[in-house]
Amino acid sequence: DGSLLAVGGAELRLIDTATGELIANDTSYGNNIHEARFTPDGRLLVVSAYDGKVRSYQVGDKKLGQKQLLSHAGTANVYALGFDESGRRLVSSSGDKTIKIWQR
């Protein structure tokens with residue numbers, strides 16, 4: 001709905017777009033973040049990183065909730081993320097030449 005902004009680099013930051021306030025952050029990334037995307041309904045945030053992993057966070061009440069770790073075959077960079085229209089399926093691609101389809 002545009003009320004939150006996810007910003008990545010060496011860490012993930014969740015920002016309230018109305019106030020510019022930092023709502024939450026996750027500094028556990030051992031490597032840089034490549035991409036951050038919300039599901040169409042805004043309830044889930046997924047983040048790809050250069051460590052071969054995708055992290056997903058439940059988003060509610062303008063905060064990051066429980067984190068889930070999704071792994072590709074190796075440790076190559078995860079470059080791309082995409083959701084289907086329902087937001088129930090996520091596709092990710094990695095530099096290890098794998099494509100993963102995740103269902104929630």
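I count two strands as paired if DSSP finds at least two bridges between them. Helices (H or I, at least four residues) and strands (E, at least two) are DSSP runs, numbered from the N terminus.

**Entry: ground rules**

I am working on a predicted model, where local features need pLDDT of at least 70, side-chain atom pairs count only at pLDDT 80 or more, and totals for chains, interfaces and linings use all residues. Residues are numbered from 1 along each chain as its sequence is written, and side-chain values use heavy atoms, with hydrogens and water left out.

I began with strand E6 (residues 53-60) and E7. Seven bridges join E6 to E7, and the two run antiparallel.

Four strands make an open sheet, ordered E4-E5-E6-E7, with antiparallel pairing. Strand E4 (33-38) and strand E7 (63-71) are the edge strands, each pairing on one side only. From one strand to the next the twist averages 20 degrees. For angles, axes are lines fitted to C-alpha atoms, for helices over the stretch in contact, and angles run from 0 to 180 degrees between N-to-C directions. As background, strands of a sheet pair through backbone hydrogen bonds, either parallel or antiparallel.

**Entry: the three-stranded sheet**

I went on to the other open sheet. Its three strands come in the order E1-E2-E3, and the pairing is antiparallel. The twist here averages 15 degrees from one strand to the next.

I checked E1 against strand E2 (residues 12-16). They pair in the antiparallel sense over five bridges. A hairpin of three residues joins E1 to E2. Val7 has Arg13 in E2 as its bridge partner.

**Entry: Ser48**

I picked Ser48, which sits in strand E5 (residues 44-49). Is Ser48 buried or exposed? Ser48 counts as buried because its relative accessibility is 0%. My cut-offs: buried is under 20% relative accessible area, exposed is over 50%, and partly exposed is in between (1.4 Å probe, protein chains only).

I listed the contacts of Ser48 next, with contact meaning heavy atoms within 4.5 Å. Leaving aside neighbours within four places in sequence, Ser48 touches Ile33, His34, Glu35, Lys53, Val78 and Leu81. I also took the C-alpha to C-alpha distance from Ser48 to Thr27: the two are 14 Å apart in space and 21 residues apart in sequence.

**Entry: salt bridges**

I called a salt bridge when a side-chain nitrogen of Lys or Arg lies within 4 Å of a carboxyl oxygen of Asp or Glu. How many salt bridges does this rule give? The count comes to six salt bridges.

- Asp26 and Lys67 meet through their side chains in a salt bridge (3.1 Å, N to O). Asp26 lies in strand E3 and Lys67 in strand E7, so the pair ties together parts that are 41 residues apart in sequence. Asp26 is buried at a relative accessible area of 10%, while Lys67 is partly exposed at 39% relative accessibility.
- Arg104 and Asp41 also form a side-chain salt bridge (3.8 Å, N to O). Arg104 is in the segment after E10 and Asp41 is in the loop between E4 and E5, so the pair ties together parts that are 63 residues apart in sequence. Arg104 is partly exposed, with a relative accessible area of 36%. Asp41 is partly exposed too, with 41%.
- Asp51 and Arg55 form a salt bridge with their closest N and O atoms 2.7 Å apart. Asp51 is buried at a relative accessible area of 17%, and Arg55 is buried at 7%.

I finished with Lys97, in the loop between E9 and strand E10 (99-103). The phi of Lys97 is near 70 degrees, a positive value in a residue other than glycine. Lys97 counts as exposed because its relative accessibility is 80%.

I placed Val91 in strand E9 (residues 89-94). At 37% relative accessibility, Val91 counts as partly exposed.
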